[in-house]
Amino acid sequence: MTAEPASDDSLAETFWAVARRLRRLSKDALAPWDVTPGQSRALGVLVRNGEMRPGALSEQLRIAPRSATEVVDDLEVRGLVERAPDPADRRATLVRVTPRGREIADGIRAARVAEAEGFFRGLDAHDRTELARILGSLRD
(Lines give C-alpha, C1' and ligand atoms only; values in the text may rest on other atoms or scores of the structure.)
Protein backbone atom coordinates (compact mmCIF):
# COMPACT_ATOMS: atom_id res chain seq x y z
CA MET A 1 0.00 0.00 0.00
CA THR A 2 1.37 3.43 -0.96
CA ALA A 3 1.02 6.37 1.42
CA GLU A 4 -0.88 9.35 0.01
CA PRO A 5 0.72 12.79 0.35
CA ALA A 6 -1.15 14.96 2.87
CA SER A 7 -1.05 18.12 0.75
CA ASP A 8 0.19 19.65 -2.48
CA ASP A 9 3.30 20.78 -0.59
CA SER A 10 4.16 17.25 0.44
CA LEU A 11 3.40 16.05 -3.10
CA ALA A 12 5.85 18.61 -4.46
CA GLU A 13 8.41 17.69 -1.80
CA THR A 14 8.06 14.02 -2.70
CA PHE A 15 8.43 14.82 -6.40
CA TRP A 16 11.61 16.84 -5.80
CA ALA A 17 13.04 14.13 -3.54
CA VAL A 18 12.53 11.58 -6.32
CA ALA A 19 14.06 14.00 -8.86
CA ARG A 20 17.12 14.47 -6.63
CA ARG A 21 17.49 10.71 -6.25
CA LEU A 22 17.25 10.22 -10.03
CA ARG A 23 19.81 12.97 -10.61
CA ARG A 24 22.22 11.34 -8.14
CA LEU A 25 21.76 7.92 -9.77
CA SER A 26 22.26 9.44 -13.21
CA LYS A 27 25.47 11.15 -12.14
CA ASP A 28 26.72 7.86 -10.68
CA ALA A 29 25.84 6.04 -13.92
CA LEU A 30 27.94 8.56 -15.91
CA ALA A 31 31.00 8.25 -13.65
CA PRO A 32 32.74 5.44 -15.58
CA TRP A 33 32.91 7.69 -18.66
CA ASP A 34 33.83 10.89 -16.79
CA VAL A 35 31.02 12.68 -18.63
CA THR A 36 28.79 15.36 -17.15
CA PRO A 37 25.01 15.14 -17.48
CA GLY A 38 25.12 18.06 -19.95
CA GLN A 39 27.76 16.34 -22.07
CA SER A 40 25.76 13.14 -22.00
CA ARG A 41 22.63 14.96 -23.16
CA ALA A 42 24.57 16.61 -26.00
CA LEU A 43 25.97 13.26 -27.14
CA GLY A 44 22.49 11.76 -27.01
CA VAL A 45 21.00 14.57 -29.12
CA LEU A 46 23.77 14.24 -31.70
CA VAL A 47 23.46 10.45 -31.86
CA ARG A 48 19.67 10.64 -32.29
CA ASN A 49 19.59 13.56 -34.73
CA GLY A 50 22.91 13.40 -36.55
CA GLU A 51 25.27 16.27 -37.20
CA MET A 52 23.96 19.77 -36.61
CA ARG A 53 25.04 23.34 -36.17
CA PRO A 54 25.91 24.40 -32.62
CA GLY A 55 22.90 26.75 -32.53
CA ALA A 56 20.54 23.89 -33.32
CA LEU A 57 22.22 21.82 -30.61
CA SER A 58 21.69 24.60 -28.07
CA GLU A 59 18.00 24.73 -29.04
CA GLN A 60 17.64 20.96 -28.66
CA LEU A 61 19.33 21.10 -25.25
CA ARG A 62 17.40 24.25 -24.26
CA ILE A 63 20.58 26.00 -23.17
CA ALA A 64 22.28 29.24 -24.18
CA PRO A 65 24.42 29.05 -27.33
CA ARG A 66 27.53 29.93 -25.29
CA SER A 67 26.84 27.01 -22.95
CA ALA A 68 26.45 24.66 -25.92
CA THR A 69 29.79 25.90 -27.26
CA GLU A 70 31.44 25.03 -23.94
CA VAL A 71 29.89 21.54 -23.95
CA VAL A 72 31.05 20.97 -27.54
CA ASP A 73 34.53 22.29 -26.69
CA ASP A 74 34.83 19.82 -23.81
CA LEU A 75 33.56 16.90 -25.89
CA GLU A 76 35.86 17.83 -28.77
CA VAL A 77 38.95 17.93 -26.52
CA ARG A 78 38.08 14.38 -25.44
CA GLY A 79 37.64 13.23 -29.04
CA LEU A 80 33.93 12.49 -28.65
CA VAL A 81 32.70 15.04 -31.21
CA GLU A 82 34.30 16.95 -34.03
CA ARG A 83 33.54 20.16 -35.86
CA ALA A 84 33.47 20.32 -39.64
CA PRO A 85 32.51 22.97 -42.19
CA ASP A 86 28.86 22.85 -43.25
CA PRO A 87 28.91 21.90 -46.96
CA ALA A 88 25.76 23.97 -47.49
CA ASP A 89 27.41 27.08 -46.01
CA ARG A 90 31.17 27.03 -45.58
CA ARG A 91 30.92 29.90 -43.06
CA ALA A 92 28.92 27.64 -40.73
CA THR A 93 30.14 24.71 -38.65
CA LEU A 94 28.57 21.33 -38.00
CA VAL A 95 29.13 19.21 -34.89
CA ARG A 96 29.13 15.44 -35.26
CA VAL A 97 29.82 12.46 -33.02
CA THR A 98 33.07 10.58 -33.57
CA PRO A 99 33.19 6.76 -33.48
CA ARG A 100 34.59 7.00 -29.92
CA GLY A 101 31.75 9.36 -28.99
CA ARG A 102 29.18 6.91 -30.37
CA GLU A 103 30.79 4.08 -28.38
CA ILE A 104 30.57 6.12 -25.18
CA ALA A 105 27.02 7.26 -25.97
CA ASP A 106 25.99 3.62 -26.46
CA GLY A 107 27.58 2.65 -23.13
CA ILE A 108 25.83 5.52 -21.37
CA ARG A 109 22.50 4.54 -22.89
CA ALA A 110 22.89 0.94 -21.72
CA ALA A 111 23.85 2.10 -18.22
CA ARG A 112 20.86 4.44 -18.06
CA VAL A 113 18.47 1.70 -19.17
CA ALA A 114 19.84 -0.55 -16.41
CA GLU A 115 19.67 2.32 -13.92
CA ALA A 116 16.02 3.05 -14.80
CA GLU A 117 15.12 -0.61 -14.59
CA GLY A 118 16.58 -0.79 -11.10
CA PHE A 119 14.99 2.47 -10.02
CA PHE A 120 11.49 1.51 -11.20
CA ARG A 121 11.80 -2.17 -10.26
CA GLY A 122 9.29 -1.76 -7.42
CA LEU A 123 6.52 -0.64 -9.77
CA ASP A 124 4.39 -3.15 -11.63
CA ALA A 125 3.53 -2.64 -15.32
CA HIS A 126 0.27 -0.82 -14.54
CA ASP A 127 1.97 1.61 -12.16
CA ARG A 128 4.74 2.29 -14.68
CA THR A 129 2.19 3.03 -17.39
CA GLU A 130 0.24 5.31 -15.08
CA LEU A 131 3.39 7.12 -13.90
CA ALA A 132 4.48 7.65 -17.53
CA ARG A 133 1.03 9.06 -18.33
CA ILE A 134 1.07 11.44 -15.35
CA LEU A 135 4.63 12.61 -15.95
CA GLY A 136 3.88 13.10 -19.63
CA SER A 137 0.93 15.34 -18.81
CA LEU A 138 3.06 17.36 -16.36
CA ARG A 139 5.87 17.70 -18.89
CA ASP A 140 3.54 19.06 -21.60
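**Notebook: a nonpolar patch, a core and the overall shape**

I began with the nonpolar surface patch, and found that helix H1 (8–30) and helix H6 (125–139) each supply at least two of its residues. Helices here are DSSP runs of H or I with at least four residues, strands are runs of E with at least two, and both are numbered from the N terminus. H6 gives the most to this patch, with three residues.

Before going on, I noted that this is a predicted model, in which local features need pLDDT of at least 70, side-chain atom pairs count only at pLDDT 80 or more, and totals for chains, interfaces and linings use all residues. Residues are numbered from 1 along each chain as its sequence is written, and side-chain values use heavy atoms, with hydrogens and water left out.

**The patch**

I listed the members: Phe15, Trp16, Ile134, Leu135 and Leu138 make a patch of about 500 Å². Patch residues have over 30% relative accessible area and no salt bridge, and nonpolar side chains (Val, Leu, Ile, Met, Phe, Trp, Tyr) are joined within 5 Å, like charges within 9 Å. A salt bridge is a side-chain nitrogen of Lys or Arg within 4 Å of a carboxyl oxygen of Asp or Glu. Areas come from the Shrake-Rupley method with a 1.4 Å probe, and for residues only the protein chains shown count as cover.

I then picked out Phe15, which sits in helix H1. Phe15 is partly exposed, at a relative accessible area of 42%; buried means under 20%, exposed over 50%, and partly exposed lies in between.

**The core**

Next I looked inside: the largest nonpolar core has 19 residues, and Leu43, Leu46, Leu57, Leu75, Val81 and Ile104 have the most contacts within it. At least two core residues each come from H2 (37–49), H3 (54–61), H4 (65–77), strand S2 (89–97) and H5 (99–119). H2 has the largest share, four residues. Such a core joins buried Ala, Val, Leu, Ile, Met, Phe, Trp, Tyr and Cys through side-chain atoms within 4.5 Å.

I checked Ile104 too: leaving out residues up to four places away in sequence, Ile104 touches Trp33, Val35, Leu43 and Leu80 (contact: heavy atoms within 4.5 Å).

**The whole chain**

I read the element order from the N terminus as α-α-α-α-β-β-α-α. The radius of gyration is 18 Å, well over the 14 Å of the globule rule for 140 residues, so the protein is more spread out than a compact globule. That radius is taken over C-alpha atoms, and the rule is 2.2 Å times the number of residues to the power 0.38. The C-alpha trace spans about 60 × 30 × 25 Å along its principal axes. Of the 140 residues, 26% count as buried.

Conventions. Buried < 20%, exposed > 50% of the residue type's maximum accessible area, 1.4 Å probe, protein only.
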